[in-house]
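Have a look at the structure first.

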Amino acid sequence: MSPSSNAAAASSRSDDRVAVRMEGVDKWFGDFQALKGIDLEVANGERIVVCGPSGSGKSTLIRCLNRLEAIQQGRIFVDGIELTAGAQNVEVIRREVGMVFQQFNLFPHMTVLENCTLAPMRVRGMSRAQAEQTARGYLERVRIPEQADKYPAQLSGGEQQRVAIARALCMSPKLMLFDEPTSALDPEMVKEVLDTMLDLANEGMTMLCVTHEMGFARRVADRIIFMDRGEIVEVAPPADFFERPESERTRAFLGQIS
Ligand code: ADP
Ligand code: MG
């Protein structure tokens, strides 16, 4: 990334308080429309939980925010930079967005420490010593400093997911995206990952989390987004969402999961 392209991205910044803005976003997979006219604004520091039935477009929505999926219509801004305005902005935004997947996606042939230092060294140009110091700090924060020299396969699922979170944090992201981070875990490991996410929320991280953990949503979310069939059907603070859902579709969903 050249300094001039950073400047170009910076010059298209708009409102500093807005972490994410989606305007009229349509996403098609062939002739199937996965996202339909999505409008969404997320403020800096806001915690958003995205829920909805399987296939409703939750993963697609958050994958569009770092362009793991391209969109066909509409505009997306992340941290005031327009993602949809060119490849150079995609690179800038990807450095600012951390993503945690259901299946951890750690590099299996690298140790925990190497997983955490790779991107900061390659993408941020950190020295090895500096990257390792940063990584050990984050491994401490997700409470697994003693696992630094192990390989992913030597860890439990909950530990691997905490490594994935630490790895994302090592890039100092402005925004963290979570796609069902606890869905692949044995029940006894769910809490340790949710506690890590809770810590992050309490530190003021801007977060978009796709999750079915409604207890977490109630405790942590500033707003809950309910999606169905590619649309945002309802957006509400947890108290309203759970006690006074407006949409019949939301009520049906909540009836099924509770
Ligand atoms: P969710 O995360 O809410 O379960 P997804 O965002 O993964 O839903 O998928 C939304 C819809 O888009 C689903 O019907 C799914 O089958 C479809 N879809 C997702 N990814 C692809 C793809 N790569 N190719 C074709 N269809 C896809
Ligand atoms: Mg999904």
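First, the ground rules. This is a predicted model, so local features need pLDDT of at least 70 and side-chain atom pairs count only at pLDDT 80 or more, while totals for chains, interfaces and linings use all residues. Residues are numbered from 1 along each chain as its sequence is written, chains are lettered from A and ligands numbered from 1 in the order in which they are written, and side-chain values use heavy atoms, with hydrogens and water left out.

Let's start inside. A nonpolar core here is a set of buried Ala, Val, Leu, Ile, Met, Phe, Trp, Tyr and Cys residues joined through side-chain atoms within 4.5 Å. Buried means under 20% relative accessible area, exposed over 50%, and partly exposed in between (1.4 Å probe, protein chains only). The largest core has 48 residues, and those with the most contacts inside it are Ile165, Met176, Phe178, Met197 and Met207. Helix α7 (residues 187-202) supplies the largest share of this core, 8 residues; helices (H or I, at least four residues) and strands (E, at least two) are DSSP runs, numbered from the N terminus. There's also a second, separate core of 30 residues, with Met22, Leu40, Ile76 and Leu208 among them.

Now for the helix pair. The axes of α4 (residues 112-122) and α6 (residues 157-169) come within 8 Å and cross at roughly 25 degrees. Axes are lines fitted to C-alpha atoms, for helices over the stretch in contact, with angles running from 0 to 180 degrees between N-to-C directions. Angles under 35 degrees count as roughly parallel, and α4 and α6 are therefore roughly parallel to each other. On the α4 side the contact (heavy atoms within 4.5 Å) is made by Val112, Asn115 and Cys116, and on the α6 side by Val163, Ala166 and Arg167. The buried residues of α4 are Val112, Leu113, Asn115, Cys116, Thr117 and Pro120, and what covers them includes α5 (128-141) and α6.

How values were computed
Parallel < 35°, antiparallel > 145°, perpendicular 65-115°, else oblique.
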